[in-house]
Amino acid sequence: TTWGDYCELVSANNCSVDDGIAVRAPETDEELADDGTKNKYHVPGLYTGHFRDTPESNCTANPATCKGHFVDAPCTWSTDA
């Protein structure tokens, strides 16, 4: 779930209060993705990221059609992906 979607669709308070996932909603141009949207998946110190369970991502109910998104880490991070 992107930072913008988290604040608009998931957060109980639209990110007006730090909930441990998002400190607040995106506000500045620097916090926007390269395309000018709120589509960042991780912003150090502001948004840790969130996996939102949706019908499309439920592989138990939809084993043949389930899907999700994979977001790889920057080269400076260690990952098993």
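Biologist: Which residues are exposed on the other side of helix 1?

Modeller: Glu8 and Leu9 are the exposed ones there. Keep in mind that this is a predicted model.

Biologist: And which residues of helix 1 are buried?

Modeller: Trp3, Gly4, Tyr6 and Cys7. Looking down the helix axis, those buried residues fall within an arc of 170°, so they line one face of helix 1.

Biologist: OK, zooming out. How many helices and strands does the chain have?

Modeller: One helix and zero strands. Helix 1 covers residues 3-10.

Biologist: How much of the chain counts as buried?

Modeller: 20% of its 81 residues.

Biologist: What about contacts between residues at least 24 apart?

Modeller: If you take contacts between residues at least 6 apart in sequence, 39% of them join residues at least 24 apart.

Biologist: Let's talk core. Which residues make up the largest nonpolar one?

Modeller: There are eight: Trp3, Tyr6, Cys7, Cys15, Ala22, Val43, Leu46 and Tyr47.

Biologist: Some rings in there. How many aromatic pairs turn up in the whole structure?

Modeller: Two. In one of them, the ring centres of Trp3 and Tyr47 are 6.1 Å apart with the planes at 10°, so that pair is stacked. Trp3 sits in helix 1 while Tyr47 is in the segment after helix 1, so to speak a link between distant parts of the chain, 44 residues apart.

Biologist: Why does Trp3 count as buried?

Modeller: Because its relative accessibility is 0%, and the cut-off for buried is under 20%. Tyr47 is buried too, with a relative accessible area of 1%.

Biologist: What's the geometry of the Tyr6 and Tyr47 pair?

Modeller: That one is tilted, at 5.8 Å centre to centre and 45° between the planes. It also links distant parts of the chain, with Tyr6 in helix 1 and Tyr47 in the segment after helix 1, 41 residues apart. Tyr6 and Tyr47 are both buried.

Biologist: Which residues do the ring pairs link into a cluster?

Modeller: Trp3, Tyr6 and Tyr47.

Biologist: Switching to cysteines. How many disulfides does the structure hold?

Modeller: One. Cys7 is joined to Cys15, with an S to S distance of 2.1 Å.

Biologist: Is the link of Cys7 and Cys15 left-handed or right-handed?

Modeller: Left-handed, with -95° about the S-S bond.

Biologist: And are Cys7 and Cys15 buried or exposed?

Modeller: Both are buried.

Biologist: What is Cys7 in contact with, leaving aside its neighbours within four places in sequence?

Modeller: Asn14, Cys15, Ala22, Arg24, Ala25 and Pro26. Of those, Cys15 and Ala22 are listed in the largest nonpolar core along with Cys7.

Biologist: Last one, the start of the chain. Where does Thr1 lie?

Modeller: In the segment before helix 1. Thr1 has a relative accessible area of 16%, so it counts as buried.

Biologist: What is Thr1 in contact with, again skipping neighbours within four places?

Modeller: Tyr6, Val10, Tyr41, Tyr47, His50, Phe51 and Arg52. Tyr6 and Tyr47 are the two rings of the tilted pair.

Terms used. Residues numbered from 1 in each chain as written. Predicted model: local features only at pLDDT ≥ 70, side-chain atom pairs only at ≥ 80, totals over all residues. Heavy atoms only, no water. Core = buried A, V, L, I, M, F, W, Y, C linked by side-chain atoms within 4.5 Å. Buried < 20%, exposed > 50% of the residue type's maximum accessible area, 1.4 Å probe, protein only. Contact = heavy atoms within 4.5 Å. Phe/Tyr/Trp six-rings, centres within 6.5 Å; stacked < 30°, edge-to-face > 60°. Helix = DSSP H or I, 4+ residues; strand = E, 2+ residues; numbered from the N terminus. Arc of directions from axis to C-beta. Disulfide = S-S within 2.5 Å.
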